[in-house]
Amino acid sequence: MPRVEKSRLPPASRLWARKQPGDFLDCYVVGSDMAPRQAAQVIVTFPAWARALLILRATLTAPFGLSNDGPQAADKVGPFPVEHETRQELVAGFNDRHLDFRVSVFAQDGTVSLATWVHPHHLGGRIYLAVIYPFHVLIAKNALRRVAKTARAHVTG
């Protein structure tokens, strides 16, 4: 099984410019030579169990007016509008009522990093983040394992 490790956000990531005191930022890394957009497409191709969690989230948050599909955009990866893209990094996400968030898929030196930055707007955003955090970690680690396996399958296939 590919080894996913908690990591520091790469120094060149655009997420650093967003980081403020009180914000959430985590990062995981796996060995892979995949390009950021290709990795992002694998990441948002959620397995059935993660899709079920997203459906549950949509149902529970609907009364609060939270976005489930993200805003309209010309360029999206899954439900996330792409904000920035280079050969090394893809940043996607959007601002919602309870929090702003962005994800970074960063490719460098035979690794792919998946980082998530969150800026809660109020107590509701902080509570939401605390509730979803354990699921976030499971989904992020699973996503990077799938990135590593997909990259290997392309090399050996």
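This is a predicted model: local features need pLDDT of at least 70, side-chain atom pairs count only at pLDDT 80 or more; totals for chains, interfaces and linings use all residues.
Me: What makes Phe24 and Tyr133 an edge-to-face pair?
Reply: Happy to walk through it! A pair of aromatic rings is described by the distance of the centres and the angle of the planes. Rings pair if their centres lie within 6.5 Å, and planes over 60 degrees apart count as edge-to-face. For Phe24 and Tyr133 the centres are 5.7 Å apart and the planes stand at 80 degrees, so the pair is edge-to-face.

Me: Which parts of the chain does the pair of Phe24 and Tyr133 link?
Reply: Distant ones: Phe24 sits in strand β2 (residues 24-31) and Tyr133 in helix α3 (residues 123-156), 109 residues apart.

Me: Why is the pair of Phe80 and Phe101 called edge-to-face?
Reply: The ring centres of Phe80 and Phe101 are 5.6 Å apart, which is within the 6.5 Å limit. Their planes are at 80 degrees, so this pair too is edge-to-face. Phe80 lies in strand β4 and Phe101 in strand β6, so the pair ties together parts 21 residues apart in sequence. Both residues are buried, and together with Phe94 they form one aromatic cluster. By the pairing rule, the count comes to three aromatic pairs.

Me: How do you know that the buried residues of helix α1 are on the same side?
Reply: In α1 (residues 36-43), the buried residues are Pro36, Ala39, Ala40, Val42 and Ile43. They cover an arc of only 160 degrees around the axis, which puts them on the same side of α1.

Me: Which residues touch the most other members of the largest nonpolar core?
Reply: Of its 35 residues, those are Val105, Val112, Leu114, Leu144 and Val147. The largest share of this core comes from α3, with nine residues. Apart from it lies another core of six residues, including Leu9, Leu15, Val91 and Trp117.

Me: What is Val105 in contact with, leaving aside its neighbours within four places in sequence?
Reply: Quite a list! Among the contacts of Val105 are Pro36, Ala39, Ala40 and Ile43, which are buried residues of α1. Val105 also contacts Val112, Ser113 and Leu114, as well as Gln88, Glu89 and Leu90.

Terms used:
Residues are numbered from 1 along each chain as its sequence is written. Side-chain values use heavy atoms; hydrogens and water are left out. Buried means under 20% relative accessible area, exposed over 50%, partly exposed in between (1.4 Å probe, protein chains only). Helices (H or I, at least four residues) and strands (E, at least two) are DSSP runs, numbered from the N terminus. The arc is that of the directions from the helix axis to the C-beta atoms. Rings of Phe, Tyr and Trp (its six-membered ring) pair if their centres lie within 6.5 Å; planes under 30 degrees apart count as stacked, over 60 as edge-to-face and the rest as tilted. A nonpolar core is a set of buried Ala, Val, Leu, Ile, Met, Phe, Trp, Tyr and Cys residues joined through side-chain atoms within 4.5 Å. Contact means heavy atoms within 4.5 Å.
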